[in-house]
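This briefing concerns the pockets of one protein model. Please look at the structure below before reading on.

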Amino acid sequence: MPGTRTVRNVHQRVVEAPAETVGALLDRLSAPDDPLFPTPVWPAMVLDGPLAVGADGGHGRVRYRVTAHQPGRSVRFDTTDDGLGTGYHRFEVEPLGPDRCRISHVLEVAMDVKAFLLFKLAVEPVHDTMIEEAFDNAERAVLGGLPRPPARRPARARLVNRLMWLRPTPVPVPAGAALLHAAVPEPDYADAYRLPLPPGVARDPAAWRRVLRAPVRAAGEHEIVLGEDLPHLDYRASVLLDEATSSVTLVSAVRLHNTAGRLYFAVVRRVHPFMARRALRRAHRALAHAAPPAGERNTRPASVVRERAVP
């Protein structure tokens, strides 16, 4: 069609392992123990059911549907909206011998000129980085390490990662923040912001304490309370890690002591929501980047991987 551009982007890597072993990893795409997709630094692949023809989903803002799946060999996803363009992306494993294979990824999408320019400017460096890191994870999973330095993240990919990181959403102050409620039973001000916890991000309150770098006032199995007491007000912040919802919530509570505190907080409360969201978002991103790669977290013995791959 006039005004459209077709992008064909191909990545390949030879892996010194049997095709059956590497191909079994493909069959775990989108599963809770997905060893390939480079989460949590990049958005996880999420489907509305097991990996099979007809399953819908995507990663980040890219939406697609499984249109072909040969267990242990290949899987193809066709786009289902115009967010990226019209086309597909496909993973494939090709045997090169008894203990050697090639893993490849092909993206072929037709898009309008505006989308094409955006792809070249911002999407392509992220896409290239994600695929190379997925190949890194494949080698980690089947070889127990990398025979080469891991893929590098170019400056543009790092910038897009920072700009597009999830934003915290406001939520009611959770009743589960027991340590905070005990510390400030009747606050003069309270708010709460939440982010999902993708696989790999630390669930240990101590890890969040190290990133947030504030005085610790109380600590429990799933909650840590930070804060300080000042002459004009007391401030507490609870980091609540909820396994049931796979989320982290930052709850703030303030108790004012006097007129100076009320005057001070009348100004500070205008910027507090921004600062709280920023602190949660930065800590969330820092811990995601510190997480072990998926290929290390989700490694399974080859016999188990092959067993799971049987359709």
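A pocket, found on a 1 Å grid over the protein atoms alone, is an open set of points where a 1.4 Å probe fits, with protein on both sides within 12 Å along at least five of seven lines; lining residues have an atom within 4 Å of a point. Grid points are joined across faces, edges and corners, and a volume is the space filled by probe spheres set on the points. The model is predicted: local features need pLDDT of at least 70 and side-chain atom pairs pLDDT 80 or more, while totals for chains, interfaces and linings use all residues. Residues are numbered from 1 along each chain as its sequence is written, and side-chain values use heavy atoms, without hydrogens and water.

**Second largest pocket**
- The second largest pocket holds about 700 Å³ of space.
- Its lining comprises 24 residues, with A214, Y235, A237, M275 and A279 closest to the centre.
- Helix α7 (272–290) is among the elements that supply at least two lining residues each, and α7 gives the largest share, eight residues; helices (H or I, at least four residues) and strands (E, at least two) are DSSP runs, numbered from the N terminus.
- The lining has 19 nonpolar, two polar and three charged residues (Ala, Val, Leu, Ile, Met, Phe, Trp, Tyr, Cys and Pro count as nonpolar, Asp, Glu, Lys and Arg as charged, the others, Gly among them, as polar).

**Largest pocket**
- The largest pocket has a volume of about 1,300 Å³.
- Of its 50 lining residues, P43, H59, G60, R61 and V62 lie nearest the centre.
- Contributors of at least two residues each include β3 (56–59), β4 (62–70) and α3 (155–163), whereas α2 provides the largest share, 10 residues.
- This lining divides into 33 nonpolar, 12 polar and five charged residues.
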